[in-house]
Every structure is written in C-alpha cells, then in structure tokens.
Amino acid sequence: GEGDTTNHQPITTMNQPLNHSTAFPQLFQFTKLEWELIQDRLNLSCCIAEVLEDDYPAPAIEERCDALLDYKPGETLALRDQLDADILADAIMGSNAVHPIKDAVDYGEITRGRALALYGAASRVENKTGCAFPRD
C-alpha cells in the first residue's frame, strides 16, 4: 500500500549453516570437485589465519585447517565449533578458485565442460553452506 516502505529484497534459497546461531557439530558432505574448490584456499592456512586472527590464536587456526584438510570427499565433514565454521566460510568467501574459470576457458587452459562442472560444484557448495565464492 501507500505507506509500505519495506524494501522487498529477493529471497535467496541459500541456507545459512555457518552463522553464529547454529548448534554444533554441523555435518556436511562434499564431492571430490566441491572439495577441490574449498581446498584451494584451505591449503593456505596462513591466509585464513590472517583473516581470523583477531578472533582466534593463529596456531589454533592453522592446526584446525590441517585437521579439516584430512577430510575425504564423500565422507561426512563435522564442524565441531565456530572456529571450524569460520575457517570453512573463509575458505569459500576468500577463495580464488572460481573467478579465474572463465579466463581459463577463454585461454584454452580448461575445457568448457570442465568449467561447467566446476561452476556446478561451486553452486552446490554455496547452497550447502550459505557462503558464496567471489566470482569477479
């Protein structure tokens, strides 16, 4: 009506399992390709530590990154607490795995089929976690 000042945001269907109000453990399953995308930054535990070190001691962050890297695709990944959740969130939201895909196709470094598979995997990770990969 006339006095309706509510701003109508599009409703996203992403769930938000990595937020601070969730009970732990949080359980996830990722495919090989999905995990490849997550692992891209998870391997750079020092970068994740830089982002999170205001909230957690850096050695704890690095140790937990290493523990998460033991995950085998297809198994169940259990996030034990908010530190695990924050690490996984940063591994996605700080990731450099997705935005170079388009250029890689343009330069013939990967096939269009591989690119589509990676984009599909990225979307599934985003839907599972509620966190988005940077795309540009």
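Q: Let's start with one residue. Does E34 count as buried or exposed?

A: This is a predicted model, so keep that in mind as we go. Buried means under 20% relative accessible area. E34 has 1% relative accessibility, so E34 counts as buried.

Q: Where is E34 found, and what does E34 touch?

A: E34 is found in helix 1. Leaving aside residues up to four places away in sequence, E34 touches Q29, A121, R124, V125 and K128.

Q: Which other residues of helix 1 are buried?

A: Besides E34, the buried residues of helix 1 are L33, W35, L37, I38, R41 and L42.

Q: And what do the buried residues of helix 1 pack against?

A: Quite a list! They pack against strand 1 (26–29), helix 2 (45–52), helix 3 (58–68), strand 2 (76–79), helix 4 and helix 6 (112–129).

Q: Let's pick helix 4. How do I read a pair of helices?

A: Two packed helices are described by the angle between their axes and the distance between the axes. Here, the axes of helix 1 (residues 32–42) and helix 4 (residues 82–93) cross at roughly 100 degrees and come within 8 Å. Angles of 65 to 115 degrees count as roughly perpendicular. Helix 1 and helix 4 are therefore roughly perpendicular to each other.

Q: Which residues make the contact between helix 1 and helix 4?

A: From helix 1 you have I38, R41 and L42, and from helix 4 come I87, L88, D90, A91 and I92. Sorted by type, the residues of this contact are six nonpolar, no polar and two charged.

Q: I38 keeps turning up. What does I38 touch?

A: Not counting residues up to four places away in sequence, I38 touches F30, L88, A91, I92 and V125.

Q: Now the nonpolar core. Which residues touch the most other members of the largest one?

A: A nonpolar core is a set of buried residues joined through side-chain atoms within 4.5 Å. The largest one here has 36 residues, and F30, I38, L42, I61 and I87 touch the most other members. Helix 1, helix 2, helix 3, strand 2, helix 4 and helix 6 each give two or more residues to this core. Helix 4 gives the most, with seven residues.

Definitions and conventions:
Residues are numbered from 1 along each chain as its sequence is written. This is a predicted model: local features need pLDDT of at least 70, side-chain atom pairs count only at pLDDT 80 or more; totals for chains, interfaces and linings use all residues. Side-chain values use heavy atoms; hydrogens and water are left out. Axes are lines fitted to C-alpha atoms, for helices over the stretch in contact, and angles run from 0 to 180 degrees between N-to-C directions. Helices (H or I, at least four residues) and strands (E, at least two) are DSSP runs, numbered from the N terminus. Angles under 35 degrees count as roughly parallel, over 145 as roughly antiparallel, 65 to 115 as roughly perpendicular and the rest as oblique. Contact means heavy atoms within 4.5 Å. Ala, Val, Leu, Ile, Met, Phe, Trp, Tyr, Cys and Pro count as nonpolar, Asp, Glu, Lys and Arg as charged, and the others, Gly among them, as polar. Buried means under 20% relative accessible area, exposed over 50%, partly exposed in between (1.4 Å probe, protein chains only).
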